[in-house]
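This report describes a protein–protein contact and a ligand site in a predicted model. The sequence and structure are shown below.

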Amino acid sequence: MSEQIDQALARKYDAGFVSEIESETFPVGLDEDVIRRLSAIKGEPEWMLEWRLKAYRTWLKQTEPEWAHVDYPKINYQDISYYSAPKSMKDKPKSLDEVDPELLRTYEKLGIPLHEQEMLAGVAVDAVFDSVSVVTTFREKLEEAGVIFCPISEALQKYPDLVKKYLGTVVPRGDNYFAALNSAVFTDGSFVYIPKGVRCPMELSTYFRINEQNTGQFERTLIVADEGSYVSYLEGCTAPQRDENQLHAAVVELVALEGAEIKYSTVQNWYPGDENGKGGIYNFVTKRGLCEKNAKISWTQVETGSAVTWKYPSCILKGDNSVGEFYSVALTRGKQQADTGTKMIHLGKNTKSTIISKGISAGYSNNAYRGLVRMGPGAEGARNFTECDSLLIGDKCGAHTFPYIESSNPSAIVEHEATTSKVSDDQLFLCQQRGLDPEKAVSMIVNGFCKEVFRELPMEFAVEAGKLLEISLEGSVG
Amino acid sequence: MLTIKDLHARVEEKTIIKGLNLEIKPGEVHAIMGPNGAGKSTLGYVLSGREGYEVEQGEVTFNGANLLEMEVEERAQAGLFLAFQYPVEIPGVSNMEFMKESVNAMRKARGEDELSSAEFLKKAKAACKQVNLPLDFLKRGVNEGFSGGEKKRNEIMQLIMLEPKLAILDESDSGLDVDALQVVANGVNSQRDGKRSFIVVTHYQRLLDFIEPDYVHILAQGKIVKSGGPELAKEVEASGYAWLGQAQEGEEA
Ligand SMILES: Nc1ncnc2c1ncn2[C@@H]1O[C@H](COP(=O)(O)OP(=O)(O)O)[C@@H](O)[C@H]1O
Ligand SMILES: [Mg+2]
């Protein structure tokens with residue numbers, strides 16, 4: 001089989017097209033003036049600008065982290081444009097009819113029709129194009145339930161107190177290098193608020209699209225689930241195929257108040273670069289959730305894109321009996337590199353966490369799981385279960401596991417299981433002998449390997465995720 | 001159906017098949033017996049086109065086509081089926097998904113429409129019952145945690161569902177008790193319709209009491225050294241392979 005794999009790792013990236021859209025883009029470069037201009041365009045309150053500037057000053061003093069198992073040339077932050085928006089968005093279209101049809105076409109091509117009648121029933125979408133939100137669907141229906149779902153730039157104007165109360169409470173401004181940068185220059189992203197006791201009547205999702213060249217995407221998402229509420233949220237991301245690397249440094253903060261539940265799913269398909277590792281997105285993301293008493297946060301991610309991924313969706317299990325979950329599929333091929341995992345910080349009594357990580361490496365790629373389970377002194381009776389499986393396709397790729405366990409409470413129980421397996425010649429031969437072509441065979445074997453994670457995804461997206469793996473693996477075997 | 005002429009094949013650097021001839025006509029059942037390491041499994045792999053098994057010399061035609069030029073899946077789609085001696089597990093992929101993909105890949109190759117889920121399920125359930133496997137085997141991962149006997153029955157279930165033109169059974173009887181043997185044999189016999197052909201590789205004459213062969217061949221050191229009718233199997237049963245003139249160890253593997 002290795003011979004077959006050696007043959008052209010010709011890859012196909014369906015979302016690699018560029019939309020011809022006139023944009024207003026800042027010249028490259030970053031200083032306090034850029035931040036002031038950005039904040040002014042967004043019409044932000046004064047405190048927000050101050051917050052950004054403080055973050056910027058912190059960032060200047062920080063250094064880029066180097067501990068991850070990834071390798072990429074130094075990023076020149078002065079070569080990036082920090083704001084780009086379609087010109088047509090300047091007048092803030094009030095309805096879909098006023099939105100530039102080329103924008104709508106872009107999303108249609110990506111399989112995300114924004115006309116409500118054509119959409120997946122029961123899914124509301126916020127579509128973010130470069131630095132702005134293009135449209136948010138089903139808003140009225142959500143408003144009836146008291147749910148707020150809007151671009152964060154709009155929330156800063158309409159619900160400044162709510163944003164101010166929670167922004168930076170889970171991921172502080174200066175948390176890490178990329179989070180500080182994001183805090184200084186974030187452009188758009190989604191804001192969600194679910195009122196007390198409300199079960200959000202539909203799935204919420206945000207679809208991020210990078211289009212402009214030389215721009216970074218710095219989105220910020222804040223989801224607050226008030227006491228006893230429930231929400232399921234999904235994000236998807238794609239970018240055109242370009243030879244230059246582009247930076248995506250997002251921050252996502254989740255707040256689950258007492259008894260609330262947040263299910264956060266990601267299907268990440270940023271452009272991964274070509275087979276020689278040219279181009280592709282640097283995906284440096286900080287995602288963290290805070291659980292109060294009896295609350296639950298569940299992260300599910302399917303990561304197939306990006307040239308380099310650095311991402312550890314985490315849970316702070318502060319309240320007693322709170323629950324954190326992390327289900328991950330990370331697929332790397334070509335020269336992709338991924339260093340991803342989670343942190344489960346157990347503070348409260350009887351807190352529980354589950355980590356299921358499935359790493360698949362093909363081609364010359366490197367795939368690392370990095371996970372921290374910390375049992376604080378107050379974590380009486382806390383439990384963690386970690387399962388960490390790696391699947392290798394071919395013999396030139398790598399899988400690495402870095403589990404860190406820190407326990408300051410003897411009554412806490414931490415369990416860790418890890419396996420590494422290969423798509424074997426025997427399996428491939430069996431499938432082919434039963435009439436399947438090698439590509440179908442590999443994608444079926446990989447899908448089987450990921451089953452435990454896929455079943456955590458919302459129904460509509462489980463199918464999508466399966467297909468995505470199929471496309472991603474096309475050309476992985478000869 | 002199948003014509004093998006002067007076949008020589010090697011695995012890695014070692015030539016295993018050394019000048020094998022065999023002619024199988026539609027509807028015939030050929031048993032192949034022989035000591036361990038004779039090359040029985042190798043023959044099955046060479047015929048099905050497994051990577052790493054290289055043909056050095058000879059010709060094989062399958063229903064008029066040059067079999068040796070076809071990809072593994074093309075041979076399968078043309079109606080060649082191999083029941084494995086050691087079926088492999090595919091964790092997380094249910095038997096049902098696997099067989100649905102398989103059945104539909106075969107249908108597609110024949111230019112037929114895919115089966116609907118309902119049609120497929122009906123067929124799968126019937127096949128499952130025929131080999132005495134509980135229906136929940138359809139939901140379980142392919143061979144995942146199956147016992148040796150269950151794996152063998154699962155292979156026969158696949159055979160029944162795929163209705164191949166030529167099936168090669170590689171020791172489908174080994175490790176089975178008499179009841180399971182009967183099940184496997186019934187599965188095969190149900191497919192005998194005067195058109196489909198079978199190569200039954202076995203160590204024991206026992207299976208041939210249930211699946212009556214038209215011909216029996218003895219394979220030793222990469223060649224067919226003796227051919228005959230069903231009575232040849234009985235001879236072998238009585239006298240072993242000692243008459244081949246060499247020490248044969250590890251017979252009962
Ligand atoms: N992958 C392989 N590499 C090297 N030798 C092999 C390989 N597979 C089989 N052989 C050798 O080929 C010979 C025939 O094996 P096999 O076809 O499995 O015999 P049988 O099925 O008749 O018991 C044996 O000597 C075995 O050791
Ligand atoms: Mg054998």
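## Contact between chain A and chain B

Chain B contributes 30 residues to the contact and chain A contributes 22, where contact means heavy atoms within 4.5 Å. The size of an interface is often given as the accessible area lost when the parts come together. Here the area buried between the two chains is about 2100 Å², and carbon and sulfur atoms give 61% of it; buried area is the accessible area (1.4 Å probe) that two parts lose on being put together, summed over both. B:R50, B:E51 and B:E73 supply 24% of the area that chain B buries against chain A, more than any other three residues.

The model is predicted: local features need pLDDT of at least 70, side-chain atom pairs count only at pLDDT 80 or more, and totals for chains, interfaces and linings use all residues. Residues are numbered from 1 along each chain as its sequence is written, chains are lettered from A and ligands numbered from 1 in the order in which they are written, and side-chain values use heavy atoms, with hydrogens and water left out.

## Polar and charged pairs

Four salt bridges are counted between chain B and chain A, each a side-chain nitrogen of Lys or Arg within 4 Å of a carboxyl oxygen of Asp or Glu. In the salt bridge between A:D426 and B:R50, the closest N and O atoms are 2.4 Å apart.

Between chain B and chain A, 13 residue pairs are in polar contact, both residues at pLDDT 80 or more. A polar contact is a pair of N or O atoms within 3.5 Å; within protein, one must be able to donate a hydrogen and the other to accept it, and residues adjacent in sequence count only if both atoms are side-chain atoms.

## Elements on the chain B side

On the side of chain B that touches chain A, at least two residues each come from α1 (40-48), α2 (72-77), β6 (80-83), β7 (90-94), α3 (95-109) and α5 (148-162) of chain B. Helices (H or I, at least four residues) and strands (E, at least two) are DSSP runs, numbered from the N terminus. The most is given by α3(B), with six residues.

## Surroundings of ligand 1

Ligand 1 is surrounded by 13 residues, the closest being B:I16, B:G37, B:K40, B:S41 and B:T42; a residue is near if one of its heavy atoms lies within 4 Å. In this shell, α1(B) gives the most, with three residues.

Oxygen atoms of ligand 1 lie 2.8 Å from a polar backbone atom of B:K40 and 2.9 Å from a backbone N or O atom of B:S41.
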